[in-house]
Amino acid sequence: MKPLANHMVEEEDLISLLPDEMLISILSFLTVKEACRTSVLSHRWKYLWPFFTGSLDFDDPDTMWDISDDKEITNRDRDKFVTRVNHILNLHQASTIDEFRVCFEFNTHSKCDIDRWVDFAFSKGVKRFELNFKPTWLCLIEECYTFPHVKRFRCIKSLTSLTLMYVHVTSELLEHLLSNCTLLESLHVDSSESLVNLKICGSSLKLKYLHIRDCFQVKSIKIFAPNLESFGFLGKIIELQVDYAPRLLDVCVSGLSHHPVNYAFCALSSYLHQLESLTLGICHYDSINIKFPKLQRLTNLRHLKLRVSPRDGESLLDLISLIEAAPLLHKFTLELFLLKPMIDREVRKVIEYDANEHLKEVEIVGFVGRAIDIELIVYLLESAIKLEKIVIKTCCPTVVGTPCEAEEIENNEGVRECAKQLKKYLPLGAELVIL
């Protein structure tokens, strides 16, 4: 018998046999940090990653939650971040990139660097572009970055997605982008003080996703967008004119203090019947603000999400008219924002209601175990006769997904015990999850 060693086939590095073009294509499925790390594999790999064409995602999580209270340390960390971005961009040699994203806390000293980053991204024919300069704490806002005019850029026609957060951008600039970026499908602007009157109009627009949030100078939005599928607006009452949006499926409208969202129903009246998802944010909920006009049947609605800031003594049972206007509703979500503890009162019982055979999932975020949320949950559990699952989260919606979420849940033991009492109302076979 021949030795086993004679039958062993020497392992080959098959990946290294691939041509450079294919290896660079593989690198583009990695993050930029992972792509950079491949430079230590061999002399050949060292010179491949600069041709990376995937996502240049520079996200600095420290600036969001863990940043130091010491301003000197904060500035030092920010300088390190800027230096790291500059270093990678200086080494980059590919002619194109799919995505460019920067998320960190802006200050005026970084403006020139950011100008160069923007120039770099558009010179590479970027497809998805995002600047997120959300401050660590709102009280620390000094000045927002102003987005340069796109006339200085040559390669903007490949842009498919644009997200600008805490960046000043004018209505005129956005309209110029829309008319020149024929592939643009997604536009998200958050916390810009430069938007006033915005026109999203054009028979050839590819735009599918339009969300404008916390842009408090906005006075009007006019929409003529044949491919628009999702529209969102959070802010003051504006003049909203939706002339043409035949593919609209998802709407999110939220008001501010004493700015009810009722006005949006008139502007969207021609499209309510086709919506699949509807999100309403109702700040300072009261019996005056919540009187919606008589609703047409939301015959296609599958998900209704309500964000509510109630007052003492108010009842959420007025929301039942919205729920029952959607006969095929599959999921209902309630986010409850309480600015102060609610005065306890007697739970009101809903006597007459329509049995709901299609509602399968209910999610309550911000449960406090008082009459205001218990009575609505009892109605949902009794009316949704084929409910499969209800999730009750005791933490405030504002901390969901943050490091504070686990701590707040741990401190709400009494509220979780209260939620357990709702088990007796569960329809047969339904699951109750309490977090």
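**Close-up views of a predicted model**

**View 1. Glu130 stands opposite Thr163 in β5.** The model is predicted: local features need pLDDT of at least 70, side-chain atom pairs count only at pLDDT 80 or more, and totals for chains, interfaces and linings use all residues. Residues are numbered from 1 along each chain as its sequence is written, and side-chain values use heavy atoms, with hydrogens and water left out. Strands (E, at least two residues) and helices (H or I, at least four) are DSSP runs, numbered from the N terminus. Strand β3 (residues 128-132) and β5 run parallel, joined by five bridges. Two strands pair if DSSP finds at least two bridges between them. β5 also pairs with strand β7 (residues 186-190), again in the parallel sense over five bridges. There, Ser161 stands opposite Ser186 in β7.

**View 2. Strand β5 (residues 161-165) is largely enclosed by the rest of the structure, because five of its five residues are buried.** Buried means under 20% relative accessible area; exposed means over 50%, and partly exposed lies in between (1.4 Å probe, protein chains only). Both faces of β5 are covered. Ser161, Thr163 and Met165 lie on one side, Leu162 and Leu164 on the other.

**View 3. Three strands form an open sheet in the order β8-β10-β12, with parallel pairing.** β8 (197-201) and β12 (239-244) stand at the edges. Each has a single partner strand, so one side of each lacks a neighbour in the sheet. Neighbouring strands are turned by 5° against each other on average, direction ignored. The axes behind such angles are lines fitted to C-alpha atoms, for helices over the stretch in contact, and angles run from 0 to 180 degrees between N-to-C directions. Five bridges pair β8 with strand β10 (residues 220-224) in the parallel sense. Asn197 stands opposite Ser220 in β10. Strands of a sheet pair through backbone hydrogen bonds, either parallel or antiparallel.

**View 4. Aromatic pairs: the whole structure holds 14.** The rings of Phe100 and Phe129 have centres 5.9 Å apart and planes at 15°, so they are stacked. Rings of Phe, Tyr and Trp (its six-membered ring) pair if their centres lie within 6.5 Å; planes under 30 degrees apart count as stacked, over 60 as edge-to-face and the rest as tilted. Phe100 in strand β2 (residues 99-103) and Phe129 in strand β3 are 29 residues apart. Phe129 also pairs with Phe147: their centres are 6.1 Å apart and their planes at 70°, so this pair is edge-to-face. Phe147 lies in the loop between β4 (145-146) and β5, so the pair ties together parts 18 residues apart in sequence. Phe100 and Phe129 are buried, and Phe147 is buried too. One aromatic cluster takes in Phe58, Phe100, Phe120, Phe122, Phe129 and Phe147.

**View 5. Helix α9 (residues 371-383) is mostly covered.** Of its 13 residues, 12 are buried. Among them are Ile372, Asp373, Glu375 and Tyr379. Their cover includes β15 (303-310), α8 (320-324), β16 (331-336), β17 (361-365), β18 (389-393) and α11 (413-420).

**View 6. Glu363 lies in strand β17.** Is Glu363 buried or exposed? Its relative accessible area is 17%, so Glu363 is buried. Leaving aside neighbours within four places in sequence, Glu363 is in contact (heavy atoms within 4.5 Å) with Lys331, Phe332, Thr333, Leu334, Val391 and Lys393.
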